[in-house]
Amino acid sequence: QVQLVESGGGLVQAGGSLRLSCSASRSIFTINTMAWYRQAPGKQRELVAAITPLGGTDYVDTVKGRFTISRDNGKNMMYLQMNVLKPEDTGVYYCNRRTRYLEWGQGTQVTVSS
C-alpha cells in the first residue's frame, strides 16, 4: 500500500506564500495523474490542482494564477506552491491520485489570516 505524506502547511497572513510537499512511499507520480485537494471547515473535500504524467496541469478557477503544482520524479515528491494566499484558502490540504484514490494521508493544515 502506498503511503502519502503531506507537509509544509502553517499559519500565514493574507498575501503570503507557502509551499506544500507530498511524498510517496513508492514511485507513483510518473504513471498517475496526481492532485492536491483541500477540505475547508464544514465543507467537502475539493480538487485544487492536478498534474498528468506528461506534466500537464489544471487548476480550480479560484486558485488559477496563484498556485503552481509540480513534481520531482527522482525524489518521489510533488509540490504545491501557493502565492497570494487568501483566507478562503484555509483548510487541510491532501495529495492523492486524481482517480482511484489511495489511502488518504493526514494532510497538512493551511491557515490564512486576514
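This is a predicted model: local features need pLDDT of at least 70, side-chain atom pairs count only at pLDDT 80 or more; totals for chains, interfaces and linings use all residues.
Biologist: Which elements make up the chain, helices or strands?
Modeller: Strands. The chain has 10 of them and 0 helices. From the N terminus on, the order is β-β-β-β-β-β-β-β-β-β.

Biologist: What share of the residues counts as buried?
Modeller: The share is 45% of the 114 residues. The accessible surface comes to about 6,000 Å², and 47% of that belongs to carbon and sulfur atoms.

Biologist: Which residues touch the most other members of the largest nonpolar core?
Modeller: Trp 36, Phe 67, Met 78, Leu 80, Met 82 and Tyr 93, out of 27 residues in that core. Elements giving two or more residues to this core include strand E3 (18-24), strand E4 (34-39) and strand E8 (77-82). The largest share comes from E3, with 4 residues.

Biologist: Why is Asn 76 called buried?
Modeller: Its relative accessible area is 18%. Buried means under 20%. The value falls below that cut-off, so Asn 76 is buried.

Biologist: Where is Asn 76, and what is it in contact with beyond its neighbours within four places in sequence?
Modeller: Asn 76 lies in the loop between E7 and E8. Its contacts are Cys 22, Ser 23, Ala 24, Arg 26, Ser 27 and Phe 29.

Biologist: Why does Val 84 count as partly exposed?
Modeller: Its relative accessibility is 47%. Val 84 sits in the loop between E8 and E9. Its phi is positive, about 45 degrees, although Val 84 is not a glycine.

Biologist: What makes Arg 100 exposed?
Modeller: A relative accessibility of 57%. Exposed means over 50%, so Arg 100 counts as exposed. Arg 100 is in the loop between E9 and E10. Its phi is also positive, near 50 degrees, in a residue other than glycine.

Biologist: How many charges does the chain carry, and how far apart are their mean positions?
Modeller: There are 13 positive and 8 negative charges. Their mean positions are 4 Å apart.

Definitions and conventions:
Residues are numbered from 1 along each chain as its sequence is written. Side-chain values use heavy atoms; hydrogens and water are left out. Buried means under 20% relative accessible area, exposed over 50%, partly exposed in between (1.4 Å probe, protein chains only). Accessible areas come from the Shrake-Rupley method with a 1.4 Å probe; for residues, only the protein chains shown count as cover. Lys and Arg count as positive and Asp and Glu as negative; His and the chain ends are not counted. The place of a charge is taken as NZ of Lys, CZ of Arg, CG of Asp or CD of Glu. A nonpolar core is a set of buried Ala, Val, Leu, Ile, Met, Phe, Trp, Tyr and Cys residues joined through side-chain atoms within 4.5 Å. Contact means heavy atoms within 4.5 Å.
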